[in-house]
Amino acid sequence: MPILSVRGLSIEYRTRRGPIHAVRDVSFDLEQGETLAIIGESGSGKTTLAVGLVRLSPRSARITGGQIVYDSGRERVAVLELDSEELRRFRWAECAMVFQAALSAFNPVITIWEHFFDTGRAHGMHDRHRVHDRARELLHLVHLDPDRILSAYAHELSGGMRQRVLIAMALLLDPRIVILDEPTTALDILTQRAIIDLLRELRRKLHFATIFISHDLSMAAELADRMLTMYAGRIVERAGVDDLFYRPRHPYSIGLLRAVPRVSGALGSVASIPGSPPDLIRLPRGCTYYPRCPFHVDDCRESDPPLLPVDTPGHEAACIRWEAVAARIGSAAKPVAEKLA
Amino acid sequence: MTTIAAPARRELALPGPVSAVIEFLRVLSRKPVGLAGLFGVVFFLALAYLAPLVVPLQDRVDVTAIYSAPSFGHPLGTDYQGRDVLNQIVYGGQDIITTAILAALFSTLIAITFGAIAATLGGRADVLILAITDVALTIPQLVLLIVIAAIFRPTSFISLAIILALLQWPALLRQIRAQVLSLKERDFVEAARSLDLGLLHIVFREMLPNMRSYIAINFIIAMTYAIYAQAAIMFLGLVPLSGKSWAIMLYFAYNQGALFFKDSFFYLMGPIMAIALFQLSLVWLASGLEDVFNPRLRS
Amino acid sequence: MATLIELDGVSRRYATPGGTITAVDDVSLALAAGDALCIVGESGCGKTTTGRMLAGLLRPTSGRLFFEGRDVWRTKGDDLARFRRAVQIVHQDPYASLNPSRTIAQTLAAPLGKHKKLHGRGARAAMIALLERVGLTPAEDLLVKYPHQLSGGQRQRVSIARALTVDPRVIVADEAVSMVDVSIRISLLDLLHSLSREFHVATVLITHDLAVARYFARGGRIAVMYLGRVVELAETESLVADPAHPYAVALIAAIPEADPTITRTKEHVTLRSAEVPSLLALPSGCTFHPRCPLSEAGLCDVVVPALEDLPGGRSVACHVAVRERRPAAELLGVR
């Protein structure tokens, strides 16, 4: 039984030119304890989707269809039907979100302890001592010194420390789902490494499920169990992490993988994706990736294909040409850029 | 969000200035307040500069019609000598508005020139200009204005405009200097330096165009200050009161004791409303201009 | 090949309320025409400051900048103007590097008119040729656009075209791809790379991303900076495959890779401290010694290591690696 199940979710932004179809008919399941990575270019809809899951979307956004069902273990909750009080409880106690640890994620005039206390109080933890004990415990868990951190202000901490604090705060009410939005962007390499290792350790100890949004494929390779590729608001490929990296079946996934050079191993055939993403207000007919796709045929212009099962189990791609892609890429456990070299 | 560059739209070939005006109105029309401001300003400018060419001056004293209420013959009533208030409003706009425009022009020129010099040269020039500005800023303006007006007794609107301008430049100068300082650090200005395009190019082509909205809005705000300042010193009777002006109307209304007559309500309201509505139009126009100068909102 | 541009022992210090900060300390780098060099390092390592000094936009507190053998900060007038044009910078932020109130045509026309005396039809033809050279087609449509009508990648291309208007000999690209979408970074790097081939321009890319550095500087060199100093300078492939400085080893080992098997089996280096020292209180001796697993008391915390040559055309500023004549990757048992 999946802990979170999304069906046919669509989200639009209203603009002067017309609605932006930022998320279109997205369905997926998140299993207990697993890490699901959503990858895609900026504008692919991955952040809109993540924010929409906890209904933190900006005012101009509107959920135009679909449903989100959360299974708390005791009952099944329709997230889109929660009232604001229930939603607040859901947001932190069941499903917490960790944003990029920019300074703006913190209130500059209150201490980290007050951030913890405010968060706890807003979600029904009124006992100061309980929040304090829990905060200390969590800061230990993210390898920070509670005595020093709790009395500090956000600007006194380094970027890596701030990210750890945000992670600790997200865990305050023991959520079963943690959504991470670009958790290591803007951090230095060594700090980034430490955060990745920390996330892996926390997941092992606390068994929460993670949805992880990043444009950084290497982070996904490191942390994810399963992957979703998004393009122009839709999921175009769904696969286990090894399948996606070694046996992608959607040309857009291949494009993304080839666009990222590596430090170790052979460089292979590295290349950018030609062209640019479609206008999400006036979407083209047929497959939205068609104009940029090296595998396209005339039929691709006819209709936007649904997710189709491909040659590996538990793996789907929204491409009528997946067999041609499979023939070109093959099934060996080697990176795509090397195979295409 | 990136979109594929659409091919340039074919448009009717209109002469540059005409299409510029159309574009100006198109962007301004997105902000109703700005459009209302524009209409107000155009209305008052037409009233002040065009209406006197059409409407004959009526300054015949009529003791039978002192402080009469609005009527068909006198839409805004009459004054303490039975003269038509509307006619005085029509004739009283030109001087006060011309003076305001000139004062705003002079003060803006001073502020841009010295603000830009201070920011681009830096060093001692900056320190000196800032010191003078700060001194000028600390002097209570209205008091200084009263003293200057009392000493010099400006007779032409140009001399009055210069006096007003000399009081208004400091605040704008500080803002222009801050703008130039921040623009100076921008990447595209650094690129222009790297391309060796010269100081004049950098100041006039790279920096000033990015301050247009700022300058235009400040110009309008400076006009509103100049109008209030004129109203104040004229009301106090500190300038030779020849000619006609909304402010002079107020002076006479006060001196003739109109304040103590119940009947004089409409006489008093005439110039007060003229000044207030014109000021409001200016402020609204200024707020609408913000959008006009934003290149993102142009087609 | 003859040296085109050279930083000779430059340092840059800033006075701050907390004391003097040494952003760059005694850095020397030299490039010949057509060279590709990447300067990599984490935030605060001084890579951007070094790049700005190389581009002549920032005057070193000490040390010298040579261009074609001449001491740039001692030249004046026409010579200085010629140097300015010969070295162009491509900025990081595509949203700040073009003037928002000028069309692409206006942006490109100014340098063409001033330095090449191209106006009217001649300037237009030159602009179209430049835009096509940087891969922006149809160029005619772009000329009338304002920067906000272009995507980030397109703006970076326009920035490069603008730099090309003055026939530069050196291009310094400061994190020029870090703010554009992952999917188009490679094509921008390819464009910069092709300039060094085609026009023999020396290109310097400043980046925090070692994978980007490896791709861009293939066939060229990478300089790794840490807290204001160059700690290693080597040919690209030998640097990423077999780093000689312990900091470079730790950095490369820490990078996650877009390959699940490699990234899960990569050996990481455990540093003695995770804390990056403040620029206000730099450690004595080698600035990396408080974190370095190879650090030797009495040596590394006392003597500042000079950049010395190791076999294989690499230079490293590490007492231990130089003494052992072996790269630190081997000493640390990584790879």
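Biologist: How many residues does the contact take from chain C and from chain A?

Modeller: The contact takes 32 residues from chain C and 35 residues from chain A. Two residues are in contact if their C-beta atoms, placed from the backbone, lie within 7 Å. A word on the source: this is a predicted model, where local features need pLDDT of at least 70, side-chain atom pairs count only at pLDDT 80 or more, and totals for chains, interfaces and linings use all residues. Residues are numbered from 1 along each chain as its sequence is written, while chains are lettered from A and ligands numbered from 1 in the order in which they are written.

Biologist: Which elements give two or more residues to the side of chain C that touches chain A?

Modeller: Helices and strands here are DSSP runs, numbered from the N terminus (helices: H or I, at least four residues; strands: E, at least two). On chain C, the elements are helix H7 (182–198), helix H8 (210–216), helix H10 (246–254) and helix H11 (260–265). H7(C) supplies the largest share, 6 residues. By class, the side of chain C that touches chain A has 18 nonpolar, 7 polar and 7 charged residues. Ala, Val, Leu, Ile, Met, Phe, Trp, Tyr, Cys and Pro count as nonpolar; Asp, Glu, Lys and Arg as charged; the others, Gly among them, as polar.

Biologist: Is A:Ile196 buried or exposed?

Modeller: Count neighbours. A residue is buried if 20 or more other C-beta atoms lie within 10 Å of its own, exposed if 12 or fewer, and partly exposed in between, with C-beta atoms placed from the backbone. A:Ile196 has 20 C-beta neighbours inside 10 Å, so it counts as buried. Find A:Ile196 in helix H7 (residues 189–206) of chain A. Leaving aside residues up to four places away in sequence, A:Ile196 touches A:Thr184, A:Met219, A:Glu222, A:Leu223 and C:Pro256.

Biologist: Which residues of H11(B) are buried?

Modeller: They are B:Trp246, B:Ala247, B:Ile248, B:Met249, B:Leu250, B:Tyr251 and B:Ala253. That is 7 of the 10 residues of helix H11 (residues 246–255) of chain B, so this helix is largely enclosed by the rest of the structure. The cover over the buried residues of H11(B) includes helix H4 (85–121), helix H10 (212–235) and helix H12 (265–292) of chain B.

Biologist: What is the order of the strands in the open sheet of chain C?

Modeller: Strands of a sheet pair through backbone hydrogen bonds, either parallel or antiparallel. Here, two strands pair if DSSP finds at least two bridges between them. The open sheet of chain C has 4 strands in the order S2-S1-S4-S5, with antiparallel pairing. Strand S2 (19–32) and strand S5 (70–71) of chain C stand at the edges, each with a single partner strand, so one side of each has no neighbour in the sheet. Strand S4 (residues 62–67) of chain C pairs with S5(C) over 2 bridges. There, C:Phe66 has C:Asp71 as its bridge partner in S5(C).

Biologist: How many bridges join S1(A) to S2(A)?

Modeller: The number is 7, between strand S1 (residues 4–13) of chain A and S2(A), which run antiparallel. A:Tyr13 has A:Ile20 as its bridge partner in S2(A). S1(A) is also joined by 8 bridges to strand S4 (residues 61–71) of chain A, again antiparallel.

Biologist: How far apart do the C-alpha centres of domain 1 and domain 2 of chain A lie?

Modeller: They lie 28 Å apart. Domain bounds come from an automatic or database domain assignment. For chain A, domain 1 is 4–224 and domain 2 is 228–339. In contact are 24 residues of domain 1 and 18 residues of domain 2 of chain A.
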